[in-house]
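Keep the viewer open as you read.

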Amino acid sequence: MTAEPEVQPRPLDRAALDVLILPMQDPRVRPLLDELAVEYDTRYGDLFGSGAAAEELNRYPAAEFEGPTGALLIIQEDGKSIAGGAFRRYDATTAELKRIWTHSAHRRRGLARLVLAELESLAAARGYTSLYLTTGPRQPEAKHLYLRTGYQAQFDLAADPETIGALAFTKELPAAGTRTAQD
């Protein structure tokens with residue numbers, strides 16, 4: 001029996017992508033919300049019960065993700081929504097990132113990093129100086145993404161994530177219009 005060859009993801013062509021800032025009710029946002037609900041139920045359904053994903057996704061009013069204090073963005077390729085994320089006001093100087101998502105068929109292409117970079121740039125342009133986010137203990141790929149992109153863990157990295165619950169991260173933003181060595 002031979003192993004199936006690993007399918008390599010299609011390279012990311014940034015010129016072929018459209019970054020759209022949209023209201024939560026826009027139909028182009030629906031793939032993000034639908035797939036996040038499935039993802040959350042798959043990973044956490046045994047912890048929180050059925051319907052908990054929908055409850056989490058509806059926890060914050062849509063208006064919190066609209067300008068000037070919030071934003072929701074979708075990245076489209078060939079007219080299809082393939083990644084996205086949002087932020088809302090956490091406090092006067094901090095934006096809270098939420099709903100970071102990459103369509104399951106488009107993972108491992110660098111889209112999550114692109115979403116983070118776009119959200120960070122937009123938050124800085126809107127006057128925020130820092131970011132806050134949480135991810136779940138059963139999302140190790142998200143934890144590693146945030147650590148690799150300069151976020152500081154607000155928990156003991158050596159501890160079992162299941163004993164911590166929500167994994168919090170923070171990041172200081174450069175002033176709007178400046179770039180860092182990571183960019």
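Here is the tour, starting with the ground rules and the overall layout.

This is a predicted model, so local features need pLDDT of at least 70 and side-chain atom pairs count only at pLDDT 80 or more, while totals for chains, interfaces and linings use all residues. Residues are numbered from 1 along each chain as its sequence is written, and side-chain values use heavy atoms, with hydrogens and water left out.

The protein has five helices and seven strands; these are DSSP runs numbered from the N terminus, with helices being H or I of at least four residues and strands E of at least two. Along the sequence they come in the pattern β-α-α-β-β-β-α-β-α-β-α-β. Of the 183 residues, 41% are buried, where buried means under 20% relative accessible area, exposed over 50%, and partly exposed in between (1.4 Å probe, protein chains only).

Seven strands form an open, mixed sheet in the order 1-2-3-4-5-7-6, with two strands counted as paired if DSSP finds at least two bridges between them. Its edges are strand 1 (17-21) and strand 6 (152-153), each pairing on one side only. Strand 2 (residues 71-77) and strand 3 (residues 80-91) run antiparallel to each other over seven bridges, and E77 sits opposite K80 in strand 3.

Next, look at helix 4 (residues 140-148), whose buried residues are A142, K143, L145 and Y146. Down the helix axis they fall within an arc of 160 degrees, so they line one face of helix 4; the arc is that of the directions from the axis to the C-beta atoms. Those buried residues pack against strand 4 (94-102), helix 3 (111-125), strand 5 (130-135) and strand 7 (167-172), with contact meaning heavy atoms within 4.5 Å. Just past helix 4, G150 takes a positive phi of about 90 degrees.

Most residues other than glycine have a negative phi, and most peptide bonds are trans. Against that background, D78 has a positive phi of about 55 degrees without being a glycine. D78 is in the loop between strand 2 and strand 3, and at 61% relative accessibility it counts as exposed. R99 is another residue other than glycine with a positive phi, near 60 degrees. But R99 is in strand 4, and at 4% relative accessibility it counts as buried. There is also a cis peptide bond joining G67 and P68, with omega about 5 degrees; P68 lies in the loop between helix 2 (52-57) and strand 2.
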